[in-house]
Amino acid sequence: MSPLSVEEPDEVVLRRQPTQRRSARRVEKMLDACADLLDEVGYDALSTTRIAERAGVAIGSVYQFFPDKRAITQAVTRRHVERFVSRIGRRFLWEDYAGWWDAVDAIIDEYVEMHRTVPGFRSLHFGDVVDLNLLDGVSDNNAVIAGRLRGLLLQEYGLTDSEELDLAILVAVEAGDAVLKLAFRRDPGGAPEIVAEAKRLIRGYLNRQFAGASA
């Protein structure tokens with residue numbers, strides 16, 4: 001399994017998997033509609049009826065695949081995570097970095113860019129609005145994300161795996177998430193000075209763990 005893949009949760013989000021292209025497109029329309037509405041009205045005002053109307057599908061089509069709005073929101077969040085880690089993976093494949101610090105900056109840049117441009121991303125923050133254990137039945141969402149990023153950094157920079165490294169990356173993810181949320185509370189586009197501070201904070205903290213990592 002790729003270090004950036006997202007494991008299936010204990011509880012399956014979809015009632016059934018779409019088997020035809022037309023059904024898959026219909027599900028994607030529902031997810032797109034949910035993402036747009038999360039930004040427009042928020043989770044509390046979200047409803048399956050609103051999602052069906054925005055997606056242009058019958059309410060029965062929604063219930064064919066999802067039991068409720070929470071399940072649809074879970075699916076949107078999982079799609080966000082898949083896109084996030086996929087886009088980071090592409091950056092690591094095509095861009096050259098002087099060292100791990102530039103790789104960490106690229107991860108933050110991707111988070112900020114998706115926050116600015118991807119519907120629903122800023123409203124969910126990987127599902128913490130809905131369920132802190134949305135991505136995994138045991139670990140909270142940020143712990144799952146930290147595990148994926150740890151795997152990528154280990155693969156790319158040959159760092160020695162350890163419990164200390166696990167803890168350091170988890171703390172960095174939690175700290176970065178909190179500071180970046182502050183940046184977007186200050187400015188809908190993400191206050192540049194706070195984004196810069198997030199990078200400095202994470203670099204300084206991780207430097208103790210990554211010292212000596214090869215460029």
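Helix axes are taken here as lines fitted to C-alpha atoms over the stretch in contact, and the angles between them run from 0 to 180 degrees between N-to-C directions. On this basis, in the predicted model, the axes of helix α4 (residues 69-94) and α5 come within 10 Å and cross at roughly 140°. Because angles over 145 degrees would be needed for a roughly antiparallel pair, α4 is classed as oblique to α5. The crossing of α4 past α5 is right-handed. On the α4 side, the residues involved are His-80, Arg-83, Phe-84, Arg-87, Ile-88, Arg-91 and Phe-92, and these meet Ala-103, Ala-106, Ile-107, Asp-109, Glu-110, Tyr-111, Glu-113 and Met-114 of α5. By class, this contact of α4 with α5 comprises eight nonpolar, one polar and six charged residues.

Helix α4 also packs with helix α1 (residues 21-41), at an angle of about 90° and with the axes 9 Å apart. Helix α1 is therefore roughly perpendicular to α4. The contact brings Glu-28, Met-30, Leu-31, Asp-32, Cys-34, Ala-35 and Leu-38 of α1 together with Ile-72, Thr-73, Ala-75, Val-76 and Arg-79 of α4. Eight nonpolar, one polar and three charged residues make up the contact of α1 with α4.

Helix α5 (residues 100-117) packs in turn with helix α8 (residues 163-186), the two axes lying 12 Å apart at an angle of about 40°. Helices α5 and α8 are therefore oblique to each other, and α5 passes α8 in a right-handed crossing. From α5, Ile-108, Tyr-111, Val-112, His-115 and Arg-116 take part in this contact, while α8 supplies Asp-177, Leu-180 and Phe-184. The contact of α5 with α8 contains five nonpolar, one polar and two charged residues.

An unreviewed UniProt entry annotates residues 47-66 as "DNA-binding region". In the model, the chain over residues 47-66 is 75% helix and 0% strand, and the C-alpha atoms at its ends are 12 Å apart.

Regarding confidence, the protein has an average pLDDT of 80, and 79% of the residues score at least 70. Confidence is highest in helix α2 (residues 48-55), with a mean of 96, and lowest in helix α7 (residues 141-157), with a mean of 73. Over residues 1-12 the pLDDT is below 50, and this stretch has 25 contacts in the model beyond near neighbours in sequence. Where pLDDT is low, predicted coordinates should not be read in detail.

How values were computed: Residues are numbered from 1 along each chain as its sequence is written. This is a predicted model: local features need pLDDT of at least 70, side-chain atom pairs count only at pLDDT 80 or more; totals for chains, interfaces and linings use all residues. Side-chain values use heavy atoms; hydrogens and water are left out. Helices (H or I, at least four residues) and strands (E, at least two) are DSSP runs, numbered from the N terminus. Angles under 35 degrees count as roughly parallel, over 145 as roughly antiparallel, 65 to 115 as roughly perpendicular and the rest as oblique. A crossing is left-handed if the near helix is turned anticlockwise from the far one by less than a right angle, and right-handed if clockwise. Contact means heavy atoms within 4.5 Å. Ala, Val, Leu, Ile, Met, Phe, Trp, Tyr, Cys and Pro count as nonpolar, Asp, Glu, Lys and Arg as charged, and the others, Gly among them, as polar. UniProt positions are given in the numbering used here, feature names are shortened, and annotations may be inferred rather than shown by experiment. pLDDT is the predictor's confidence in each residue, from 0 to 100.
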